[in-house]
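Here is a short report on one protein model. Look at the fold first, then read on.

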Amino acid sequence: GNIVASRTELLFDNVDNSDVRSQVNALNRQNAVGARQPINQDRKDWSFFTFAGVFFVWEFYRVIPNELLLSTLFGILAITVLTFALIPHWTAALFVFPFIVILYVDLLGVIQLAGLHLNAVSYIAMVMSIGLMVDFLMHILLRYYESSADGREAKVRDTLRTMGSSILVGGISTFLGVIPLALSTSTVFYTIFVTFVGLVALGLGHGLVLLPLVLSILGPNVCIDASLQKSQIEDIGDEEENLSSVEVVEVEERPIEVVDARGAVARAA
């Protein structure tokens, strides 16, 4: 009869399972072998191919660098667009974009120094960290633009005095919340611990030190406090209302009586 399908088992004896590059190279070599087969020429679905369950993991390792880069670009772009929408001054995006890029690159360095590798857990943690690190920047920027102090340095001092303590307490509470993960023997929990400690430390440093320093030098000297503008509009409206409610009182004309020395009374209209 005709052979419809056949299968044979192969053993990979030259693949280092602890090395991601070795696994990705093995997958690429298997794909190259399948592509060279004459039966697979000009066909979308190959008739001759190799498959193993571990190929799903190897495929993830192969595409994760490009996927992480794409996710990072879209995340930073989304944050920049939201900055335009949430902070009513166009210069805010000029501070958020470069600072979030610096924070992200620094966090990649922290993960590298901690001896962690790029995997599914670190990928999710890195993408999630973009939304967490921007909080340290947005609160400082929004309070800076709302400050009614005169001058850049005065606005920075007012921002740190009113908002700095809240950001510091929030960062410390987040740090305390992930400390128990440091005691875990699981690689997953340890990766999350390193990522969160890195983003909290970097976020506090950049949000409370570097960003105020840059704002004191390059920050715009404007005030966009909506409550102050609203109160000013209400005051103007109250003044117009008071002016419109003023009544004009007519004085009734009465004749004036003048008494002369002889007692005669003279009337004047």
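What share of residues 163-183 is helix, what share is strand, and how far apart are the end C-alpha atoms? The chain there is 76% helix and 0% strand, with the end C-alpha atoms 33 Å apart. The model is predicted: local features need pLDDT of at least 70, side-chain atom pairs count only at pLDDT 80 or more, and totals for chains, interfaces and linings use all residues. Residues are numbered from 1 along each chain as its sequence is written, and side-chain values use heavy atoms, leaving out hydrogens and water.

**Annotated segments**

UniProt, in an unreviewed entry, gives "transmembrane region" at residues 46-64, 70-87, 94-114, 120-142, 163-183 and 189-211. Such annotations may be inferred rather than shown by experiment. Two of these ranges are set out below.

| Range | Helix | Strand | End C-alpha atoms |
|---|---|---|---|
| Residues 94-114 | 95% helix | 0% strand | 31 Å apart |
| Residues 163-183 | 76% helix | 0% strand | 33 Å apart |

**Overall make-up**

The protein has 7 helices and 2 strands. Helices are DSSP runs of H or I with at least four residues, strands runs of E with at least two. From the N terminus, the order is α-α-α-α-α-α-α-β-β. Of the 269 residues, 30% are buried, meaning under 20% relative accessible area with a 1.4 Å probe. Take the contacts (heavy atoms within 4.5 Å) between residues at least 6 apart in sequence: 69% of them join residues at least 24 apart.

**α1 against α2**

Helix α1 covers residues 20-35. Its axis and that of helix α2 (residues 55-86) come within 9 Å and cross at roughly 105°. The two are therefore roughly perpendicular, a label for angles of 65 to 115 degrees. The α1 side includes V20, Q23 and Q30, and the α2 side includes F55, W58 and R62. By class, this contact has 7 nonpolar, 4 polar and 2 charged residues.

Q30 sits in α1. Why does Q30 count as buried? Because its relative accessibility is 17%. Leaving aside residues up to four places away in sequence, Q30 touches F12, T50 and F55.

**α4 against α6**

Helix α4 (residues 120-146) packs on helix α6 (residues 187-218) at about 25°, with axes 9 Å apart. That makes α4 roughly parallel to α6, the term for angles under 35 degrees. The crossing is right-handed, so the near helix is turned clockwise from the far one by less than a right angle. Residues of this contact divide into 19 nonpolar, 6 polar and no charged.

Terms used:
Axes fitted to C-alpha atoms, helices over the stretch in contact; angles between N-to-C directions. Parallel < 35°, antiparallel > 145°, perpendicular 65-115°, else oblique. Nonpolar A, V, L, I, M, F, W, Y, C, P; charged D, E, K, R; others polar. Buried < 20%, exposed > 50% of the residue type's maximum accessible area, 1.4 Å probe, protein only.
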